[in-house]
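Please consult the sequence and the structure shown here alongside the points below.

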Amino acid sequence: MNGRISNDTIVVDCLQYSNPSRERFIEWRDGRVGCVHVTLAVWENARETLSVIGRWNDLFAENADLIAHAKSASDIREIALSGRTAVMFGFQNTAPFEDDIRLVRVFHDLGVRIVQLTYNTQNSIAAGCWETHDSGLSTHVGTQFVRELNDAGMLIDLSHCSEKTCLDTIAESKLPVAVTHANPMEFVGRDVELARRPKSSEVLRELAARGGVVGLSPYVRMLKNGIHTTEREFVDMISWTADRFGIEHVAMGTDFYTGYGIDAVKWWRMGRWGRHSPVPIDENAPVVEWPTWFESPTAFPSLIQAMHDSGFGDDDIGLVMGGNWLRLFGQVFDQDEV
């Protein structure tokens, strides 16, 4: 079978944050990745985020043979069928909105479709996963932003949010929400390096009950055996998650990133608000390491083969590799299946 991908399967990776370049786009092509959700901003304000969008517009023009901007599930299908990779814009924080609810529609008009409520820390909308005091979704600002994101057709992401924020938002949102890139706490355990990032079974049960999707990640700092995790063990996590929460709610969100130096890590960890990172940064260590079986998105065919070898059928592989995201995107972006 040699890592076969069914002709009607569109591989969707619902979180990558590599420094964009033609080299990265060729990796997507070689890995037969049909869609990638890319991060435009973490701590960037509105003006800075506009510049990032401007850079992406240049990249679309310069690499039109490899990538194109997608704003809907139908866009993704059309672009993927052309042999290119669809790029979906997203934020890993609500910082670009600058607490101005009107900017939700402005950025929607510019093609942003996925928004994480908070990146690790507390903001006016909600609490992040680093907070000791978990205040959850804020009563006024948070609930109004959830309503606005729903009405605009933007998918709410809870990947770096606190436990209570996740549960509050799942209950508050009239549309299904997502965890684009995190692993189940019950499977990976509490000894992983980024111990506050995995999601509890309660969160994942509620997410699935409301029609949401979780994207699983081979990021070593969230894997049970870290850098030593094997491809088969990762497939076991896919199987475990599907058995407990339903195959229709399990997908891929690799959190893959490359092409950055230590300054980028410092920016992600503390933005402008801190002089010291709450999570230690070893400046002598590699910026990031990936398992030998997933050193770039070119590894997707091998992972699909491993799923076949483990007993997954074509239909279930199609759901995990992209079908579940496309269904959710249709519900939220197009609101055609709500």
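In this predicted model, glutamate 248 sits in the loop that connects helix 9 with strand 9 (250–252). Its relative accessibility of 39% makes glutamate 248 partly exposed, because that class lies between the limits of 20% and 50%. The points below begin with this residue and one of its contacts, then turn to packing, aromatic rings, cavities and backbone angles.

**Glutamate 248 and asparagine 324**

- Beyond the residues up to four places away in sequence, glutamate 248 touches Val213, Asn324 and Arg327.
- Histidine 160 is 88 residues from glutamate 248 along the chain, and the C-alpha atoms of the two are separated by 22 Å.
- Asparagine 324 belongs to helix 12 (residues 314–334) and is buried, with a relative accessible area of 0%.
- With neighbours within four places in sequence set aside, asparagine 324 is in contact with Val213, Ile247, Glu248, His249, Val250 and Leu319.
- Between asparagine 324 and alanine 251 the C-alpha to C-alpha distance is 6.5 Å, although 73 residues separate them in sequence.

**Nonpolar cores**

- The largest nonpolar core has 90 residues, and within it Trp56 and Phe97 touch the most other members.
- The element that gives the most to this core is helix 9 (residues 231–245), which supplies seven residues.
- If residues up to four places away in sequence are not counted, tryptophan 56 touches Pro20, Phe25, Trp28, Val38, Leu40, Ile67, Val87 and Phe89.

**Aromatic rings**

- A pair of aromatic rings is described by the distance of the centres and the angle of the planes.
- The structure contains 27 aromatic pairs.
- In the pair formed by tryptophan 293 and phenylalanine 294, the ring centres are 6.3 Å apart and the planes meet at 75°; the pair is therefore edge-to-face, a class that requires an angle over 60 degrees.
- Both partners are buried: tryptophan 293 has a relative accessibility of 13%, and phenylalanine 294 has one of 0%.
- One aromatic cluster is formed by Tyr17, Tyr219, Phe234, Phe256, Tyr257, Tyr260, Trp268, Trp290, Trp293, Phe294 and Phe300.

**Cavities**

- Three cavities of 30 Å³ or more are found when the whole structure is searched.
- The largest cavity holds about 240 Å³ of space.
- Its lining comprises 16 residues, and those nearest the centre are Tyr119, His160, Tyr219, Asp255 and Trp268.
- By class, the lining of the largest cavity divides into nine nonpolar, three polar and four charged residues.

**Positive phi angles**

- Most residues other than glycine have a negative phi.
- Aspartate 99, which is not a glycine, has a positive phi of about 60°.
- Aspartate 99 is located in the loop between strand 4 (85–91) and helix 4 (103–109), and counts as exposed because its relative accessibility of 52% is over 50%.
- Asparagine 120 likewise has a positive phi, near 75°, and lies in the loop between strand 5 (112–116) and helix 5 (141–152).
- The relative accessibility of asparagine 120 is 4%, which is under 20%, so this residue counts as buried.

Methods. Residues are numbered from 1 along each chain as its sequence is written. This is a predicted model: local features need pLDDT of at least 70, side-chain atom pairs count only at pLDDT 80 or more; totals for chains, interfaces and linings use all residues. Side-chain values use heavy atoms; hydrogens and water are left out. On a 1 Å grid over the protein atoms alone, a cavity is a set of points where a 1.4 Å probe fits but cannot get out, and a pocket is an open set with protein on both sides within 12 Å along at least five of seven lines; lining residues have an atom within 4 Å of a point. Grid points are joined across faces, edges and corners, and a volume is the space filled by probe spheres set on the points. Ala, Val, Leu, Ile, Met, Phe, Trp, Tyr, Cys and Pro count as nonpolar, Asp, Glu, Lys and Arg as charged, and the others, Gly among them, as polar. A nonpolar core is a set of buried Ala, Val, Leu, Ile, Met, Phe, Trp, Tyr and Cys residues joined through side-chain atoms within 4.5 Å. Buried means under 20% relative accessible area, exposed over 50%, partly exposed in between (1.4 Å probe, protein chains only). Helices (H or I, at least four residues) and strands (E, at least two) are DSSP runs, numbered from the N terminus. Contact means heavy atoms within 4.5 Å. Rings of Phe, Tyr and Trp (its six-membered ring) pair if their centres lie within 6.5 Å; planes under 30 degrees apart count as stacked, over 60 as edge-to-face and the rest as tilted.
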